[in-house]
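Here is a short briefing on a structure with its strands, helices and chain contacts. Please look at the sequence and the model before reading on.

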Amino acid sequence: MESIPILKMGDVLLVTIQVDMHDRLAITLQEDLTDRIASTSAQGVLIDISALEVVDSFIGRMLGNIAAMSRVLDAETVVVGMRPAVAITLVELGLSLRGVRTALNVDKGMDLLRASLRSPAEESADGTDEG
Amino acid sequence: MAKSRIPSILYAYEEELLEEWIREQLASDIWRGDLLPESELRRQSSEFLGALRQAAESDNLTDIMTPQWSEVREILTDLSRSRVQQGFAPWETATFIFSLKQPLFTRLRQELEQDADTLANEYWAATVLLDELGLFTTEAYQKSREAVIARQQQELLELSTPVVKLWDGILAVPLIGTLDSARTQLVMESLLQRIIDTEATIAIIDITGVPTVDTLVAQHLIKTVAAARLMGADCIVSGIRPQIAQTMVQLGVDLDVTTKASLAEALRLALQRSDQTIIRKSRDAAGG
């Protein structure tokens, strides 16, 4: 069955959505991702949606849900690479995905994740380092 | 109805009609010598009368939308357009046509004095024709004016939505004028595109130039902020005047975003958030 690959990079799970999302695929992703977070005890999740051109209210809500579920499993989630058209559509649909952290691209998303993963443990050690 | 005498009268008395018509227009109370020189009026009038004579030869005096009348329509459209630009009122423009009635009617009466029936018929035909032409002029005037308004709106939109790069990774959007849906859309699109182009992480929306913030404007601001956040950029709203702060609280508007009183304060916060500082060079260091 068609599914979206989930890559593990150290403490972080990387999900890149390269195909047009449809409802079943989104549900599969939700199930796969929660399973993987639980089994690998990942600390962070990075979802790259830069190839996603079309969203509807369902996909928008699924993105929010997936992020919320990851947070429940204690994994910091960042959604990166949203296109302007997608952002405008989500806002017009009334889905501003509150509580989901966002970044412009994978690079900045990783920075954000690393900073938030490191800060609780090593705050006193090198908290003043470049963020 | 027998063949109308109007074309033959236009043909026979073109010179006289033109002189009387121009005299009529110049003598009128509403003649705007300050906007249009007499020579220009003379040129327009003779051009129109010539075209009218030619069109009337087709013996179709009721429907001015036919091809024979295309030249007349063209002249009237041009005339309306130039009069819009010169600042004439619509009724002043339409009077150009209606003032032809008197000279034409005078000629008709002179020619058909003996035949009351024909005279009445010709009066009617001439009235219908000139009314139609007058209305056409008004319509053309209206269209020209609408075109001007549409162009200005477009220019205003383009003028009022710049997105400027303020610092590395910091964008600013100085909003001027009231925010409506169309402008919000444009601001949103250009802001998001610039966020991608410059890889900015912070966008400052400055509303110093926004006259009032009511619930609708606030709604538009919230949308813009939310869209920028989805792209991974934080927003700061700056330039909130004391009066606007008061109305916002009284209306119960909650922007749910960091706000600062001035653009300078917002820039300071943005630099702080992106771990950058501006340091004043001390005089000694600069000299030595």
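Two strands pair if DSSP finds at least two bridges between them. Helices (H or I, at least four residues) and strands (E, at least two) are DSSP runs, numbered from the N terminus. This is a predicted model, in which local features need pLDDT of at least 70, side-chain atom pairs count only at pLDDT 80 or more, and totals for chains, interfaces and linings use all residues. Residues are numbered from 1 along each chain as its sequence is written, while chains are lettered from A and ligands numbered from 1 in the order in which they are written.

**Strand β4 of chain A and its partners**

- A:Val78, in β4(A), stands opposite A:Arg101 in β5(A).
- β4(A) and strand β5 (residues 101-103) of chain A run parallel and are joined by 3 bridges.
- The chain passes from β4(A) through helix α3 (residues 84-92) of chain A to β5(A) in a right-handed β-α-β crossover; right-handed means that, with the strands pointing away from the viewer, the path from the first strand over the helix to the second runs clockwise.
- Strand β3 (residues 44-48) of chain A also pairs with β4(A), in the parallel sense and over 5 bridges.
- In this pairing, A:Val45 has A:Thr77 as its bridge partner.
- A right-handed β-α-β unit is made by β3(A), helix α2 (residues 57-72) of chain A and β4(A).

**Burial of β4(A)**

- In strand β4 (residues 76-80) of chain A, 5 of its 5 residues are buried (20 or more other C-beta atoms within 10 Å of the residue's own, C-beta atoms being placed from the backbone; exposed is 12 or fewer, partly exposed in between).
- A:Glu76, A:Val78 and A:Val80 point one way from the strand, A:Thr77 and A:Val79 point the other way, and all are buried.

**Where chain A meets chain B**

- In chain A, 15 residues are in contact with 17 residues of chain B; contact means that the C-beta atoms, placed from the backbone, lie within 7 Å.
- The largest share of the chain A side, 5 residues, comes from α3(A).
- By class, this side has 10 nonpolar, 3 polar and 2 charged residues (Ala, Val, Leu, Ile, Met, Phe, Trp, Tyr, Cys and Pro are nonpolar, Asp, Glu, Lys and Arg charged, and the others, Gly among them, polar).

**Chain B and model confidence**

- Chain B has 12 helices and 5 strands, and buried residues make up 31% of its 288 residues.
- Chain A averages a pLDDT (the predictor's confidence in each residue, from 0 to 100) of 85, and 90% of the residues score at least 70.

Note on methods:
Contact = placed C-beta atoms within 7 Å.
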